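Let's take a walk through this structure together, from charged pairs to nonpolar cores. Keep the 3D view open as you read.

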Amino acid sequence: MSSGQVTKRVKYKTSVKDAGTPGRLSLVKERLVFRPNNPNSASKLDMQFKYITNHRYTKEGSNKAPMLNLTSNQGASYIFEFESYEDLHICRDFVGCANLMKFGHKGVAELLHRQQKLQILELIRKFIQNNPAEMICSSVQGCCKTIDYVLHSELQKLHQQFVGGGVLTEAEFWATRKKLLEKDANRKAKQRGGLKSSVLAESKPFIDGRTNRVTFNLTPEIVREIFSEKPAVHRAYLNFVPSKMADKDFWTKYCRAEYLQRSKNIAAAIAEAAEDEELAIFLKPDDILANETRRKIRRVDPTLDMETDQGDDYSHLPDHGIFRDGSKEVAESGNELYQRTLLQDLNRHAAVVLQGTPIDEEQLKDTQTVAEALERSKQERSTASKDDESSADQERLKGISQAMTIDDLRGSNDHHLAPLWIKVLSVLTHNISSTKYNLGKKPGESLLDSLPTSVRDELLHHHISIEELMKHFWSSYPITNKYLNTKVTKLKDEMSKMDSQLQVTSLLLNSLSVRLVQALEAAMQHYDAEQQKRASKAREKPNGYS
Amino acid sequence: MKFQIEEVTVYFPYDNIYPEQYTYMVELKRALDAKGHCLLEMPTGTGKTIALLSLITSYALAKTESPIKLIYCTRTVHEMEKTLAELKFLHNYQVKHLGAAAKMLAIGLSSRKNLCVNPTVSSAENRDSVDAACRKLTASWVRSMAAENPNQPTCEFYENYDRAAGGAVLPAGVYTLEDLRAFGKEKGWCPYFLARHMVQFANVVVYSYQYLLDPKVAGIISKEMQKESVVVFDEAHNIDNVCIEALSVSVRRQTLEGAIRNISRIENEIDRFKDIDAGRLRAEYNRLVEGLALRGDLSASDAWLANPALPDDILRQAVPGNIRRAEHFLHVLRRLVQYLKVKLDTDKVEKESPVSFVASINSDAGIDQKALKFCYDRLHSLLMTLEITDTDEFLHIQTICDFATLVGTYARGFSIIIEPFDERMPLIPDPVLQLCCHDASLAIKPVFDRFQSVVITSGTLSPIDLYPRLLNFHPVVSRSFKMSLTRDCICPMVLTRGSDQLPVSTKFDMRSDPGVVRNYGKLLVEMVSIVPDGIVCFFVSYSYMDGIINSWNESGILKDIMQHKLVFIETQDVVETTLALDNYRRACDCGRGAVFFSVARGKVAEGIDFDRHYGRLVIMFGVPFQYTESKILRARLEYLRDTFQIKEGDFLTFDALIDVMNIKLTDRNLNQRQAAQCVGRVIRSKADYGMMIFADKRYSRHDKRSKLPGWILSHLRDANLNLSTDMALHIAREFLRKMAQPYEKTGSTTGRKTLLSQEDVEKLGNNGAQEMLY
């Protein structure tokens, strides 16, 4: 793949029913090439991407084989059957991206207007993610830039206006948009859906009441849960099925063990386990888990590690300290081998949920697939470099020592990025946005549409920039330090400038701008009132803030 | 910030300071000036630790002519790590502002188990087996054997450390246990022995209580400490219990059986030595004639023996003749074990004083008091002579000798109680002979005598005048501080009824009522849906928690809870609990939110903080109780009454065993100190906020409630004293909404400042703190 091309084993077909010619499909920068395994075969193919107008593919999870169907501008279709969905996805993304490139900058911009920005972005991201950097040709990068530009051109204008104009600093401007940046950064990693918090496998067995039959229901989702929470069961499944026993027998045995476990009939459990060694596996404590626990306990946050206390505690030597003063609970003894408690299960379940699932929803088909997918992801994880883990730990430790500090004793260097005063602002923005929304919608009031485009754009821009100003203005209150004070003064100057500009526009008798003027005035009034209050207070108290 | 308290420049690593921190420092400085002990109470959430650390380190920096050392004792290792993290932060600040002059060496010290980096040794299961595995590689005779026989395994880390000799030093800095291990690994030196060696040079040593209070450990680790030290006991509200635990021993059947096995093995060893190296036993005999002061000429790795209680002058006396020879000593031990076995074989409870017990040993087994007193040291001398490294196999006989030495040393402050079974389970025979210490001052006395200043501090030390009597010392400063809050950031509530108006309680006759269980469950289900991040629940006992979670699981309540938050639970397995806690924090950090189920007397309640988003709500289901009819507790109360004139009522209030409930049925008492401890760990700073729900109808009674600490009571409004679930829900919603609003952090709007800037502190320094704050 690093050579800038993708080659996969495929079967080339002219129609779906065609048996197909086995061969190799190579995708290079601007063309696709099919070479059959039999060099004498006639069905060679070599065409440029720009002739392809459309592509379709089989959805994962359907019964059909993984196939990609390309349609050329002459209406001919080329069908490739892949060996796996994985191969299909790689090639599909490649083709999709190549498709995009041919549109060029203009085309992308057009597409954007057709409300497809998200799909395109997603496509390109996938492409970039799946392929090494050198493969991404310049045109793709160009596309990305265009998209970013179009998406954020409004932002750019605002940025130029306020940061360029010295009203806001770079940090202030972006502080309110932190989320935007984070979202973009996060989107790079492929996100999987999380696991449900509730315990699925804990769902009660169904008892029909007439006979002694007990029914357990197992879905692939539950199987996933069982496998990831009980690695020993997972391992047993991989070892036994299908070589030693059938899928169904395995689960019957598992459910039998579960039933014994839950009925809390330890004597019966021990008796049955003695006779049936496979059943015993389900009842025994999980050795894989025990190892994992040992590994994890070393990396636990030292400020809550109670295990180190035990290693340090000299007074809890056997028979030292006070033994029976009623403060300690009397421990119940039991056969530990077969006692797995609900509490342990709950802890384990929550830990697994927190860790997240390594397999996709699509892979939740049958037990076998789930088991294999889990195994694969496990191997991947173990081969992943350990440096990664330790650096994550370092990061975490740093976080801990940071958490040790007392927040409100710290200096005020980041107070100006204080959270918004939600109550005021939400009312205000609601007002403004509803005005904007209603303006376009109400039949009698389609003032905006009647305006010439240049005026309309100007007006909308005013709206956005005033909204931005308001956001900063209201988030600066209450003024707790000098920094905020100067910031508010600067904002106020900018607002009065904006106000005079709007006065001109409002000659066009636009009700929108009236509202905007109202918003500005409200803010300015607040400023004046506050300023007066401060001035009078400052006279009373010499150490007060001014 | 940097400010003056009289002649001392205090370096404080923040831009602002709480007024209570400032006054705390002023009081602490007075105690240091007076070279006396002090007792300081200040609520959690006011940054006590950082105030303490910055004052004492600044004090040490100011008084360079007589440098003081800080010995900081914490209850647990994880509290030690927290302290070191704060110290690191402070140290960075001081170095930044003062340069190299502020450099210091601060180390945390723990056992081999927590410090060892040798993979074969540290993989051993518990502390004792790690100790033994270490000795197997580092004992002096093992090493001399290795010098002749290259196949004899040794520890490369210890060997490297030993070779480096004087060159093996830690550079200045603050070292947590992990830092020590990392440093040891990098240099190839044993971190445990390096740390122990550096203890005498360090400016700050952080370790757990037992290193000073337990004579078994203190004799080894802390004997080199200089008099000019400041000893701090943090979170010291339970210090009396640690003291008496350090001097208490119990003997059970298993102990005696193990001891007999140990004696036989020692006998075999002696026979073996007689054959191959009889001279060694003779040399030991001669040494014992001269006295027990044998530690001086032992190498570092062997110094694992110390006397539990003997004052130094006894060490120079000759060991009594009847136990000087190894065989004779073994005979004495056999007779002692036999005697204890007979004693243990009883079917009624017996209580005896040490004096009469010693007298009857003398008449029945022919062992006099002096021989008993020397047992502990005699045994260790013998084990050493016999070159025994697997000391973890000999714990039982060590216990017996511990017992003998204690009973032979102390004539008062102890009693011996023999019980044939646990009174709560009279059907299961489990005889035990307990030597229990009643007098907390015995263990802590050497500390008060030896060190210049001892600071006892905690969030809750009430009543504060009881501690000097219990510990028998005279503080020069004894103060209790209140917390001034900028806003009402704590919201305690008393919930007495469920939403169906039925009362809730864990009182014995109600606790298993399905209505109570359901109402408790519903309360939690409602709360998880409105409270962000972390919620902590405390139950009165493990068995109660286990029962209630199982029934919640069956009735589907647990499922409803899990719709909103993940559930983590404290179990009796410490490792599992630690992992659960770690995951709980991760879940709170990542925004998923979680509930932690815990037990009021458990390990989690004792020392884990649920500050900030780790504990926005704490629910105490029921009133924690303690079994107060225990013979040991009764004996202790009697002793306190007779010796210190501390009335039972006073102590029980203090020890929070309040009010006998329902005597006829259960003899159960309440323990409010536990309740206070559970909910007292939600606040980390004044910017933090949290709610507490006391869910039991008994909390609405004034006599119960008044035992809660003052800082909680002062926030408990009358309107919140008798709530049902839906009312509590409403209050919680309002509270959370209020807390989300920005506020003036300095509190200048309310008239009294709750946060001081540099400027304010300077002004305070000029005017005197008192008038502005109180």
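A residue is called buried when its relative accessible area is under 20%, exposed when it is over 50%, and partly exposed in between (1.4 Å probe, protein chains only). What you see is a predicted model, in which local features need pLDDT of at least 70 and side-chain atom pairs count only at pLDDT 80 or more, while totals for chains, interfaces and linings use all residues. Residues are numbered from 1 along each chain as its sequence is written, chains are lettered from A and ligands numbered from 1 in the order in which they are written, and side-chain values use heavy atoms, with hydrogens and water left out.

Let's begin with charge. Side chains of opposite charge can pair when their charged atoms come close. Counting a salt bridge as a side-chain nitrogen of Lys or Arg within 4 Å of a carboxyl oxygen of Asp or Glu, the structure holds 49 of them over all chains. In one, A:Glu258 pairs with A:Lys230, with 3.5 Å between the closest N and O atoms. This pair links distant parts of the chain, 28 residues apart: A:Glu258 lies in helix α9 (residues 247-263), and A:Lys230 in the loop between α7 (220-229) and α8 (231-240). Both A:Glu258 and A:Lys230 are buried. Helices here are DSSP runs (H or I, at least four residues), as are strands (E, at least two), numbered from the N terminus.

Other pairs sit within a single helix. A:Lys533 and A:Glu530 meet at 3.7 Å, N to O; they are about one helical turn apart because three residues separate them in helix α21 (residues 511-540) of chain A. A:Glu530 is buried, at 17% relative accessible area. In chain B, B:Lys445 and B:Asp449 form a salt bridge at 3.1 Å, N to O. B:Lys445 is partly exposed, with a relative accessible area of 47%.

Now turn to the nonpolar cores, each a set of buried Ala, Val, Leu, Ile, Met, Phe, Trp, Tyr and Cys residues joined through side-chain atoms within 4.5 Å. The largest has 178 residues, and those with the most contacts inside it include B:Phe233, B:Ile239 and B:Ile456. Helix α17 (residues 326-344) of chain B gives the most to this core, with 10 residues. A second, separate core of 94 residues includes B:Val525 and B:Leu708.

Finally, step back to chain B, with its 35 helices and 24 strands. Of its 774 residues, 63% are buried.
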